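Dear colleague,

I am handing over the structure that we spoke about, and below it you will find my notes on what was found in it. Please read them with the model open beside you.

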Amino acid sequence: MSINNGEKVLILGPSGSGKTTLIQCLNGLIPNQFAGEITGTSTVAGHPVGDSSVFALSKKVGTVLQDADAQFVGLSVGEDIAFYLENQAIELDEIKRDVLKAAEKVGIASQLGQLPFNLSGGQKQKVAVAGVLHDDKPVMVFDEPLAALDPKMGTDMIDLIDQINQQQGKTVIIIEHRLEEVLYRHVDRIILLAEGAIVSDTTPDDLLRGNLLQQYGIREPLYLRTFKKVLGGLKQTNHLTNVEDLNLTDVQSVALDLERTAVPEGPDGDPIIKLKKVEFSYDNDDFIQIPELTIHRGERISLIGGNGTGKSTLAKLLTGVLRPHHGTIEIDGVATKKKTIREIAESVAYVMQDPNQMIVKNTVEEEVGLALTIRGITGDEYTNRVDRALNAAGFYPMRHWPISSLSYGQKKRLSVASLLVLNPEVLILDEPTAGQDLKHYQEMMTFIDQLNQTYGTTIIFITHDMHLALEYTDRAIVLGAGHILADDDPYNVLGNDALCRQSHLRPTSIFELAKRLNLAPRDLVSATIQGGGN
């Protein structure tokens, strides 16, 4: 494999295919930090990786991690950006100049005095980028840069990466599952990995034309999936990365034959959660202000909006981790102020984005039974409830496995199973599919949908994935600065251009395709799913 100076290369592959390991062979973590059997050579900017220290390679390769929080070391944005320079023993005046220069390049010069952990997801990513821009490094690596970002911030990040490549002339390597979002800007090559080997090293057009993405579990851009499954096949061979460049001349008659999809009716279940005049503030600054909100039993809801708009705060209010300063929250008609967090957890369960922050035991069965053990539940009741949760999540044959042997996607499902033993009526999932390949995405969403259909569990997704909102929810609640901006059918929300701009949402490409074909987006999405899935 060779990557040329100034190229922008996207590395794709299912989970466990070797993407992160490959990057660690470029930035020196292998073999300096992670030992193993190594043959062959790796050279970066003229430096043989095996014979160079991580410190020496850090002058040539800048790496931005998926989790920006894990990369912070300073108590302020300015200190964090200065960390690398301080390790070079550079004079203070020069450090200040270089810090400001790097901050201006990424657009965060006004935040130099702020605490990094108080920034939005997009701002955190920019701080991480600024921290590795020093010394004019020729190579920049971005590991899942979009995983924690809302659609608008994701677009801004791709713009920033493109600027680093085009205007600063740096070689850029991106690892990302969200193919469609990355292709928003030009990419020179895409390298597809599977089981540690290169399956394909080609141009975006060549890869999109074929079936390798589907074969290896990578989510295709939805508009291409629609062409292949619904609109008579893909005849065009070039300019496939943008829906606006597609030739629709041959598909008009096919598209017009699509059956109209019925619009789901409103909720018919009993109210399970009610919010009345709820207000909550951080540091005496009003943040959450919700006059009224009702969630019904059995609903599937997407909670969407930009980073820092109050989605996680609202989830913490619903679970009792935070308490409203004014107003009331009722669960099954009982105000949460009369309940402890533990009592609320019997009805409302919250699944964090990172399963590693929830898992504490050594084996699958121990983890699933932990909530019952804490509550002193033993005997047949313990066994029956644990077995039910294990079977619901597909873990019963693996119940004695060590958790360390599970994949990231399996850990995600395990974190859900560990809460199912409490028989919660409401399940809140924070970015359940972030950073997952198509196979794990489908496994997770099928599992969650079965909980809703089989047990009538109310599902609330906190998500930046608009595909998820369209396919798996019937109601979208849009938050902006702690206020509800919209509460409507997801298709109506994403079809409102003004609302999308205001709330940092970005409609999927199928909305543009439907507009060009004069069709309802719901009809195209429904036909695509029925024709083979997304």
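**Notes on the model**

UniProt, in an unreviewed entry, places the feature "domain: ABC transporter" at residues 1-220 and 273-506; UniProt positions are given in the numbering used here, feature names are shortened, and annotations may be inferred rather than shown by experiment. This is a predicted model, in which local features need pLDDT of at least 70 and side-chain atom pairs count only at pLDDT 80 or more, while totals for chains, interfaces and linings use all residues. Residues are numbered from 1 along each chain as its sequence is written, and side-chain values use heavy atoms, with hydrogens and water left out.

In residues 1-220, the span is 37% helix and 16% strand, and its end C-alpha atoms lie 24 Å apart. Helices (H or I, at least four residues) and strands (E, at least two) are DSSP runs, numbered from the N terminus.

**The six-stranded sheet**

An open sheet with mixed pairing has six strands in the order β14-β15-β16-β11-β17-β18, where two strands are said to pair if DSSP finds at least two bridges between them. The edge strands, each of which pairs on one side only, are β14 (348-351) and β18 (483-488). From one strand to the next, the twist averages 20°; axes are lines fitted to C-alpha atoms, for helices over the stretch in contact, and angles run from 0 to 180 degrees between N-to-C directions.

Helix α17 (residues 408-420) packs on the sheet, where it touches β14 and β15 (426-430), and its direction makes about 160° with that of β14; contact here means heavy atoms within 4.5 Å. Helix α18 (residues 438-455) lies across β11 (300-304), β15 and β16 (458-462), and runs at about 145° to β16.

Strand β17 (residues 475-480) pairs with β18 in the antiparallel sense over five bridges, and the partner of I477 in β18 is D487. By contrast, β16 runs parallel to β11, to which four bridges join it, and I301 has I460 of β16 as its bridge partner. Strands β15 and β16 are also parallel and are joined by five bridges, with L427 bridged to I459 of β16.

Strand β16 is largely enclosed by the rest of the structure, because five of its five residues are buried; buried means under 20% relative accessible area, exposed over 50%, and partly exposed in between (1.4 Å probe, protein chains only). From β16, T458, I460 and I462 point one way while I459 and F461 point the other way, and all are buried.

**Nonpolar cores**

The largest nonpolar core has 78 residues, and those with the most contacts inside it are L12, I81, V129, L513 and L524; such a core is a set of buried Ala, Val, Leu, Ile, Met, Phe, Trp, Tyr and Cys residues joined through side-chain atoms within 4.5 Å. Helix α7 (residues 151-166) gives the most to this core, with six residues. Leaving aside neighbours within four places in sequence, I81 is in contact with residues including V99, I108, L112 and V127. A second, separate core of 37 residues includes L372, A417, F461 and L468.

The buried residues of α16 are R385, V386, D387, A389 and L390, and what covers them includes α15 (364-374) and α17. In α15, V364, E367, V368, G369, A371 and L372 are buried, and their cover includes α16 and α17. A glycine with positive phi, near 75°, follows each helix: G394 after α16 and G376 after α15.

V61 has its place in strand β4 (residues 61-64) and counts as buried, at 6% relative accessibility. Beyond its neighbours within four places in sequence, V61 is in contact with L26, N27, V44, K137, V139 and V141. L149 is found in the loop between β5 (139-143) and α7, and at 0% relative accessibility L149 also counts as buried. With neighbours within four places again left aside, the contacts of L149 include G121, R178, N307 and H464.

With best regards
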